[in-house]
Amino acid sequence: MSDDCVLVASGIRKRYGGQTALDDVTFRVIRGAVNVLIGENGAGKSTLMRILAGVEEADAGELRLNGEAVEIRSPRDAARCGIGIVHQELALLPNLDVAENIFAGRELVRGVGWIDRPREDARSVEALTHLRNPMRAATPVAELPLGRRQIVEIARTIAHGAGILILDEPTSALSSAETDALFAVMGELKLKGCTVIYISHRLHELLHVGDYFTVLRGGRVVGEAARAEVDRGWIVERMSGRVESDSRRECSTDGAEALGVAGLSNGVVDDASLSLGRGEIVGVYGLLGSGRTELLESLAGAREFRGEVRLRGEPVQLDSVRSAVDAGIVLVPEDRQRDGLVPELSIRENVALGARGWLTSKAAETARVRELAAQLNLRAVNLELPVTTLSGGNQQKVLLARCLMTSPKVLLLDEPTRGVDVGAKAEIYEALRRLAAGGLAILFASSEIEETRTLADRVLVLRQGRIGAEFAREDATDEALFAAASPTVVERAL
Ligand SMILES: Nc1ncnc2c1ncn2[C@@H]1O[C@H](COP(=O)(O)OP(=O)(O)OP(=O)(O)O)[C@@H](O)[C@H]1O
Ligand SMILES: [Mg+2]
């Protein structure tokens, strides 16, 4: 077995303050394979990867590369060992352009230290085309939507020819076409002898691409197996120690309209009308570019539009985010880093940002933050720690808590469980259902069919900016949703 291993981390321990993130972990990485690392939010996956990538040092343990002991104390050491990483939370420099980001810190030079821009541009364009996502080398990264920024990060590692490529949730912001392109590239890299370490919460993807599976739970390895021995049940049981249950609920709307939208157009969305009942959960399903995000942004006061919006029967003006929040409409955005969390603030402060005037005292505010944290099952040792110390899924809960802090009548969510593990996903769905049962109207957009089907009482399908179809939950099958969301032959020809 150890002959097959390109990298073995053994006896790895890591503590943060009082909390153990990794407890005597032995992680074997099989050469030329896609090594899946899976576990609930906070299980320690990113921590282990940061150690392999030299971003963080273990308290104890050793690393062997091709059988030889190695010390990895900095990203430079890791690069020397041929280890490249795409971090879970993107780390691009927004003020630089695409090629500058791909070569940041490893500029190609010509003669006596001139940066060889033409060669950098050519190599960048090549790597991006390879990922079937051609982009201009000179485009500032800040102008790119989340999915494309993620592609730039992946291109960055590929362009440097890492022999061991770590991808920490690379597809959480990608469309299915982009994901397929990434998987094709991973296949090619494998043929060239590269090794991939792959982290994701999308079980169907893992079962599709993974060759070898390692499960972490609470900082310990609790399962290891080759693909042939693994199925969904195997993964879920080891991750959570529980057997999966299918939780559905009765729709709890009382028929009264919470939100009415008539003829909304905003350049992307075209003449959308919809109605959302109190206590109802409605899903908007659509492919990348269908206008899902733009529809929610307009309703949240963040994007200009024409058309009318009624809240509990009364017309409302939504010309700014503030006016929307004051009216009782709030959006949990897709990109929790760019539009959401403030990394310098603590968990509590991030949630408290949502507080409005009526919380008179600091104590009342803190009590409300604690209440929400408990309701959402936020796993934090201490709410005073920086929000960046939380795992990805728990950061998502912070964002949700902040929005609930505004006491909304209508909650909008864009990709409500991006980067959230199956267990925490179920918790978030539960929490949303409880809120709906209490009368909150919920409109969410998702690119995941499974999520749309599980959470929604009713599904609207957006196709190229238009609401083209509507399904009751019983009728919202994978096939029906996908067919309604895909461009028709005529549209494709245009
Ligand atoms: N810098 C830090 N300071 C304090 N605690 C931390 C820090 N980084 C991670 N932790 C804690 O270590 C544990 C493991 O976190 P990690 O980010 O590795 O989880 P993960 O498995 O990647 O989760 P996710 O799927 O949500 O990304 C968590 O409890 C987290 O709160
Ligand atoms: Mg992580």
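Biologist: Before we start, where do the domain bounds come from?
Modeller: Domain bounds come from an automatic or database domain assignment, and for this protein that assignment gives domain 1 (5-240) and domain 2 (257-493). This is a predicted model, in which local features need pLDDT of at least 70 and side-chain atom pairs count only at pLDDT 80 or more, while totals for chains, interfaces and linings use all residues. Residues are numbered from 1 along each chain as its sequence is written, and side-chain values use heavy atoms, with hydrogens and water left out.

Biologist: How far apart are the C-alpha centres of the two domains?
Modeller: The C-alpha centres of domain 1 and domain 2 lie 29 Å apart, and the contact (heavy atoms within 4.5 Å) takes 23 residues from domain 1 and 21 residues from domain 2.

Biologist: And what area is buried between them?
Modeller: About 1800 Å² is buried between domain 1 and domain 2, with carbon and sulfur atoms giving 44% of it; buried area here is the accessible area (1.4 Å probe) that two parts lose on being put together, summed over both.

Biologist: Which three residues of domain 1 supply more of its buried area than any other three?
Modeller: Those are N41, E89 and L146, which supply 33% of the area that domain 1 buries against domain 2.

Biologist: Switching to charges, how many salt bridges are there between the domains?
Modeller: The count between domain 1 and domain 2 is two, where a salt bridge is a side-chain nitrogen of Lys or Arg within 4 Å of a carboxyl oxygen of Asp or Glu. E448 forms a salt bridge with R202, and their closest N and O atoms are 3.7 Å apart.

Conventions: Chains lettered and ligands numbered in written order.
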